Amino acid sequence: MKTAAIYARYSCENQTEQSIEGQLRVCQEYAASLGILIVETYIDRAMSGTNDNRAEFQQMLKDSSKKQFQFVIVYKLDRFARNKVESVINKKTLQDNGVSLLSAMERITDTPEGHMMETILEGFNQYFSEELAQKVKRGMRETRLKGLYQGGGVPYGYKVEGRKVVIDESAAEIVRYAFQEYSKGAFVLEIIDTLHKKGLLYKGKPFPRNLLYHVLRNEKYTGSYKCRDEVVDNIYPQIIPVELFQKVGARLEKNRYGKRSFEATYLLKFKAKCGYCGMPMYSETGTASNGETNRYYKCGGKKKYHNGCTKSQVRKEYLEEIVVNAIVDELNRPGAIEFITKKLLEEQDENIKNNSAVNALVKEKTKIDKQLENIANAIQNGIVSKTTAKRLQDLEEQQEKLEREILIEQSRQAVPLTRAQIKEFYSDALEMEPRMLIEYLVKEVILYDDKIQIIFKSPISTVPDEDRGFLLSVKYCKPKKVISSRSSTKRKIMVEIRVE
Ligand SMILES: [Zn+2]
């Protein structure tokens, strides 16, 4: 049996967003349609702005290594990450743990073109969420001005009375205690332990660590928080003084520093291979005599299996830079982006053509509409029995369910992208975040001491160069920066770019 976890996220407004319950329902239906069993659900509620930490999301990423689920299902891809870079990094983490991401609302196929489509959809999600932010700002202003609760979950320490948020005194005491202790240097686990010893529990159990971290980062306790760049200060009564909140925030930030950064993500993990012994290249971190951290790709045969391979290690930044430059060069080749665009449009057409699900559902709904009409006529003509009433109710339920399914199917097809949009996306990606293209365009990188072969995936593979065929280019690459003398990458290296 295939298993999955659902991840749902809900930002600070609810009128414009699908509710958590709605997201879960759609994800569950989607899982059921694929015969996937849901084993875990992660929910981040009422997050604000762009600086949220998404504690449950982090937990989900962590749990993905435990082999309990093979898929993560999200309502839409924009639940998964708020920008392209973050998305690629997070998906890489899942992929490294053997977990695939599924979107209940967007139709994604597991082909290179499908993955390209996914990247583009993400790009658009980012754009749309910025556009939405503008709309939300206007629309929500009024409710906020009245200081009314806007729906969704309230943070621990508050409760809702009528349409107002009020302090839940006994819980607020714990919030104050956690802030004070943490600001004095206690660790979260110590705070949980002390609360436990005092018999203070959360739903009968010791406080979950995630919850406490969440509490310590929640600006709402200061009585004023930012929601999509707008300050809201009339909804949550103050529990924590601003100075205390800032002090705690600074300490949280300090403790987090250096743990996991973008730089430490090895984009070529599982893609780089030793040209001499064929083993994968592993990541290796070393500290130089001046205390600087150096990151390398090192042959697995040498590092782990001691097979006598003599391939020297390669500086991470250097290798990734070469690969990124190669991608940039290839995509800048005349006609390359046009070719990819053409392939993507073909993929999109195929999807739309093949998706007969909507048609089938519409047909079924027409049938039910007709039956409902018949019953309505019968009732008008005075023919009413217990069974008619029951039948009417059943049909109405079915009708509603079908309407929802049709909507889901229709939105899954998404709005067809135009040639111009796809081209624009690639040009932007090349300029702003070429690193993310490694994930989608590079199949394999084979390393020798004097040569690097970069093998592209298929979307470019059918663009053989007229003169050179599938060997797209060979060039000599020199690192831009001077690299430490012990590194083997100081000398010039030949870079060969191929496709399958
Ligand atoms: Zn080797």
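The model is predicted. The protein has 500 residues, and 46% of them are buried. Its secondary structure comprises 16 helices and 16 strands. Among contacts with a separation of 6 or more, 68% join residues 24 or more positions apart. The exposed surface comes to about 26100 Å². Carbon and sulfur atoms supply 51% of that area.

Now the metal. A zinc ion is coordinated by the SG atoms of Cys274, Cys277, Cys299 and Cys309. The distances run from 2.2 to 2.3 Å. Why is the arrangement tetrahedral? The four donor atoms subtend angles of 94 to 117 degrees around the zinc ion, and the arrangement is therefore tetrahedral. The criterion for four donors is that all angles lie between 85 and 135 degrees.

Along the sequence, the donor residues follow the spacing C-x2-C-x21-C-x9-C. Cysteine 274 and cysteine 309 are 35 residues apart, and the pair links distant parts of the chain. Cysteine 274 sits in strand E9, which covers residues 272–274. Cysteine 309 lies in the loop between helix H9 (300–303) and strand E12 (314–315). Both cysteine 274 and cysteine 309 are buried.

Next, helix H10. Its 17 residues are 316–332. From first C-alpha to last, helix H10 reaches 24 Å, close to the 24 Å expected at 1.5 Å a residue.

Terms used: Residues numbered from 1 in each chain as written. Predicted model: local features only at pLDDT ≥ 70, side-chain atom pairs only at ≥ 80, totals over all residues. Heavy atoms only, no water. Donors = N, O, S within 2.8 Å, 3.2 Å for Na, K, Ca; no water. Tetrahedral: all angles 85-135°; square planar, octahedral: opposite > 155°, others 65-115°. Helix = DSSP H or I, 4+ residues; strand = E, 2+ residues; numbered from the N terminus. Buried < 20%, exposed > 50% of the residue type's maximum accessible area, 1.4 Å probe, protein only. Contact = heavy atoms within 4.5 Å. Areas by Shrake-Rupley, 256 points an atom, 1.4 Å probe, with all protein chains shown as cover. Expected span 1.5 Å × (residues − 1).
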